[in-house]
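Please keep the sequence and the model in view while reading.

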Amino acid sequence: MITSAIWFTADSVFKSHKQCCVVSCVKQNNQRILSLLLDVPGSVPKNELKEALLLSSEKGYIECTNSLIKAGADIDCQNSSGETPLILATKENKPDIIKALIEAKCDCYMTAKSGNAAIHIAAQKDLLQCFQILLDNGVDINTRDPGQNTPLIISSHSECIEDMLEAGLDLNILDNEYRTPLWYALYSGRFEAVESLLKYTSHVASFNCPAHAPETSCPVKLAFLKGAKKVIKQFILIGFDKDHIRYYIQNSDDVTADWTTVDQNDWFSFIQQPLTLLQISRIWIRHYLGRLFYLNVSKLPLPKSFQDFLLFSDFKNI
């Protein structure tokens, strides 16, 4: 009788404190006890499962996270800042948690109150492994934040550009100020990134600044202002924004590039020359392959030397 009373009392206390025990187990990363508490389906209130999952995702406790997902925790729940488990895992650089949440079919495009999704946070913080996992699982590389910025625009890292290009990066996408990823790479002095963007994206030869865009958003003007002569020559070789190239070479006093008279005459003469059949074929092949040009060019049954030509191997002669 006494034993039964003690058991009844203990069981009542256990049930009344079960919800806080779940969160406590996660705080201590005690997956064994957590599993026991979660054994009975529906025994823990949804709100407590939510709190526990947010915490385990942020801390990177993969076993606790898996147990909570299996117990039916809402994988797309949000905290007071609108952050989901995926966003918290990305912020804290927890790639294993990201994989587990994606495998459980979380919504990769949900945003916090800041307006940022997980892909933007990974780009901002240069979390290359997290970024790669999101790309590998089909997250759109051209996803925009509230400022209409794509991950490339807000990233300060150039190592993941090839991954972005394989995922279908749109080089000519514009933000609210009519600036492209190329403009931002040039503005921050990431000249290797500029060269990669020019070489590996398909529609650079057809790019012209929108008529209503301010001059401050023009990549060509920015290249002249920075005195980036190699980039300017690459623009000329590709055929990038020809009208602005012609204008600024003829009016280089408007900008700061230290062009010599020889430079100006040689390159202005180059601009005026008609394209060769080989150069025209390069433009058309790149256009035909489209946004996934970088990924598709290696699949073409073409000699390696011509594939290199399509990727502007002549840059090395500049």
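## Helix 5 and helix 7

In this predicted model, Ile62, Thr65, Asn66 and Ile69 of helix 5 are in contact with Asp96, Ile97, Ala100 and Leu101 of helix 7. By class, the residues of this contact are 5 nonpolar, 2 polar and 1 charged.

Two packed helices are described by the angle between their axes and the distance between the axes. For helix 5 (residues 62-70) and helix 7 (residues 95-103), the axes come within 10 Å and cross at roughly 15°. Angles under 35 degrees count as roughly parallel, so helix 5 is roughly parallel to helix 7. The crossing of these helices is right-handed.

## Helix 13 and helix 15

The axes of helix 13 (residues 191-200) and helix 15 lie 11 Å apart, at an angle of about 5°. Helix 13 and helix 15 are therefore roughly parallel as well.

On the helix 13 side, the contact is made by Phe191, Val194, Glu195 and Leu198; on the helix 15 side, by Lys230, Val231, Gln234, Phe235 and Ile238. These residues divide into 6 nonpolar, 1 polar and 2 charged.

In soluble globular proteins, nonpolar side chains tend to be buried together. The largest nonpolar core here has 73 residues, and Leu68, Leu86, Leu134, Phe235 and Ile245 touch the most other members. Helix 15 (residues 229-238) supplies the largest share of this core, 6 residues.

Leaving out residues up to four places away in sequence, Phe235 touches Leu182, Leu198, Pro219, Val220, Ala223, Phe240 and Ile245. Another core, of 8 residues, lies apart from the largest one and includes Phe293, Val297, Phe306 and Leu311.

How values were computed. Residues are numbered from 1 along each chain as its sequence is written. This is a predicted model: local features need pLDDT of at least 70, side-chain atom pairs count only at pLDDT 80 or more; totals for chains, interfaces and linings use all residues. Side-chain values use heavy atoms; hydrogens and water are left out. Axes are lines fitted to C-alpha atoms, for helices over the stretch in contact, and angles run from 0 to 180 degrees between N-to-C directions. Helices (H or I, at least four residues) and strands (E, at least two) are DSSP runs, numbered from the N terminus. Angles under 35 degrees count as roughly parallel, over 145 as roughly antiparallel, 65 to 115 as roughly perpendicular and the rest as oblique. A crossing is left-handed if the near helix is turned anticlockwise from the far one by less than a right angle, and right-handed if clockwise. Contact means heavy atoms within 4.5 Å. Ala, Val, Leu, Ile, Met, Phe, Trp, Tyr, Cys and Pro count as nonpolar, Asp, Glu, Lys and Arg as charged, and the others, Gly among them, as polar. A nonpolar core is a set of buried Ala, Val, Leu, Ile, Met, Phe, Trp, Tyr and Cys residues joined through side-chain atoms within 4.5 Å. Buried means under 20% relative accessible area, exposed over 50%, partly exposed in between (1.4 Å probe, protein chains only).
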